[in-house]
Amino acid sequence: MKQLYNKTATFNFSVLLLFLLFSICGNAQTTTTQERVFIKIEIKGMACPYCAFGMEKELKKVAGVDNVEIELKEGLAYISTPVSQKPTKESLEKIIVDGGFTVGKIEFSDKPFKRTETKKKE
Amino acid sequence: MLGLEGNGIRTFGKFISKENANIYVQPIGIPYNITPKFQIGGIFPFKFITPKGAETNGGIADITLFTKYQLYKKDGKAKTFRILANLKQSFPTGKTSSTPKIGSGIYQTYVGLIVGKISSTIGIYGDLGYNITSNGATDNFLYNFSVGLPLLPQKYPQKQINTFLEFNGNYIVDPKIHTIFISPGLQFIPGRRILFETSFQIPIIQNNISTNKTKYMLLLGTRFLIN
């Protein structure tokens, strides 16, 4: 009887522990996603890997940006910043123009954008 | 081309094999973008000449300062077409007192146009200009035309290998001397900041040159982005 009680208690404790663990992880992910703003920038004229690097280093200077992903073939750059440091559309346009390129559409989202190419992270 | 290379240092070592001498030139080019449309820079060449049966003489050759101004730009998705005005001024900083001479001993002003079209599938580049010289030396037309093709699909920031075929021409007005070199080359981009390029130049036309014809040229260069 005691053995059965111990087994049940252990099982219950394990279920509780797993539930707590998933709750913490789920909340952490939701919190991280909610705290950031995701930005997709269309950059026209970015035609070579060497010029893509020039753009990447400029976009990394934007406050709050720690990762820049570039899709060279699509002429797109993806960045994200904390919501509190969300850059203005005008400031991003200036970075692209100063880099020697033509700026296209700039989109802001509270969720990450779907990539059209295989992504390559930093 | 302006706006595409950023701020960086470019070296392009050139070994020239002539009939009566071997020449090695190692220029260091430093461009700087003042505005997105306006670039200035300097080329600081070191030149070493070894005449056949004589000792090597070397040192800094003629320094060149240049400006490029973007006259026209049409950008699209992963492609661009640009036209630039190009002005260069060379100074006779190279030694002319020793033999063989390291410098030209003259001032040279070059006025030209650069036209380039780059996309993910092809790169076409043309440079045409007129070189005005001082001290009664002859002026000349210079032109370069190159076509580049990527060997591997262009992805970023993965490794990249491109091949290119270049034609380098020089037309001296008086006496009429025309030279054209054909130069197949390779470009390797191993990472974000650095690029290696190499090419082999062979003369296909060397009109009216009776002595000291160029046999071939071998070029090896790097481009390194700063900031």
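A:G75 sits in the loop between strand 2 and strand 3 of chain A, where helices (H or I, at least four residues) and strands (E, at least two) are DSSP runs numbered from the N terminus. The model is a predicted one, in which local features need pLDDT of at least 70 and side-chain atom pairs count only at pLDDT 80 or more, while totals for chains, interfaces and linings use all residues. Residues are numbered from 1 along each chain as its sequence is written, and chains are lettered from A and ligands numbered from 1 in the order in which they are written.

A:G75 counts as buried because it has 24 C-beta neighbours inside 10 Å. The cut-offs are these: a residue is buried if 20 or more other C-beta atoms lie within 10 Å of its own, exposed if 12 or fewer, and partly exposed in between, with C-beta atoms placed from the backbone. Not counting residues up to four places away in sequence, A:G75 touches A:E42, A:I43, A:K44 and A:M46 in chain A, and B:K77 and B:A78 in chain B. Two residues are in contact if their C-beta atoms, placed from the backbone, lie within 7 Å. The C-alpha atoms of A:G75 and A:P112, which are 37 residues apart along the chain, are separated by 17 Å.

The strands of chain A come next. Four of them form an open sheet in the order 2-3-1-4, with antiparallel pairing; two strands pair if DSSP finds at least two bridges between them. Strand 2 (69-71) and strand 4 (102-109) are the edge strands, each pairing on one side only. On average, neighbouring strands of this sheet are turned by 20° against each other, direction ignored. Axes here are lines fitted to C-alpha atoms, for helices over the stretch in contact, and angles run from 0 to 180 degrees between N-to-C directions. Helix 3 (residues 89-98) of chain A packs on the sheet and touches strand 1 and strand 4 of chain A; its direction makes about 145° with that of strand 4.

Strand 1 of chain A pairs with strand 3 of chain A in the antiparallel sense over seven bridges. In strand 3 of chain A, A:S80 stands opposite A:F38, and A:Y78 is the bridge partner of A:K40. Strand 1 of chain A is also joined to strand 4 of chain A, antiparallel, by six bridges. In strand 4 of chain A, A:T102 stands opposite A:K44.

The loop between strand 3 and helix 3 of chain A holds A:V83. Is A:V83 buried or exposed? A:V83 counts as exposed because it has 12 C-beta neighbours inside 10 Å. Leaving aside neighbours within four places in sequence, A:V83 is in contact with A:E35, A:R36 and A:V37. The C-alpha atoms of A:V83 and A:I96, 13 residues apart along the chain, are separated by 21 Å.

The largest nonpolar core has 24 residues, and those with the most contacts inside it are A:I43, A:M46, A:C51, A:A52, A:M55 and A:A77. Such a core is a set of buried Ala, Val, Leu, Ile, Met, Phe, Trp, Tyr and Cys residues joined through C-beta atoms within 7 Å. Strand 1 (36-44), helix 2 (49-59) and strand 3 (76-82) of chain A each supply at least two of its residues, with the largest share, six residues, coming from helix 2 of chain A. Helix 2 of chain A is mostly covered, with nine of its eleven residues buried; among them are A:P49, A:Y50, A:G54 and A:E56. A:A52, leaving aside neighbours within four places in sequence, is in contact with A:M46, A:I70, A:L72 and B:Y156.

The contact between the chains takes 27 residues from chain B and 24 residues from chain A. On the side of chain B that touches chain A, strand 5 (63-76), strand 6 (79-91) and strand 7 (108-119) of chain B are the elements that give two or more residues. The residues of that side divide into ten nonpolar, ten polar and seven charged. Ala, Val, Leu, Ile, Met, Phe, Trp, Tyr, Cys and Pro count as nonpolar, Asp, Glu, Lys and Arg as charged, and the others, Gly among them, as polar.

Chain B has zero helices and 13 strands. Its C-alpha atoms fill a box of roughly 55 × 35 × 30 Å, taken along the principal axes. Buried residues make up 19% of the 227 residues in chain B.
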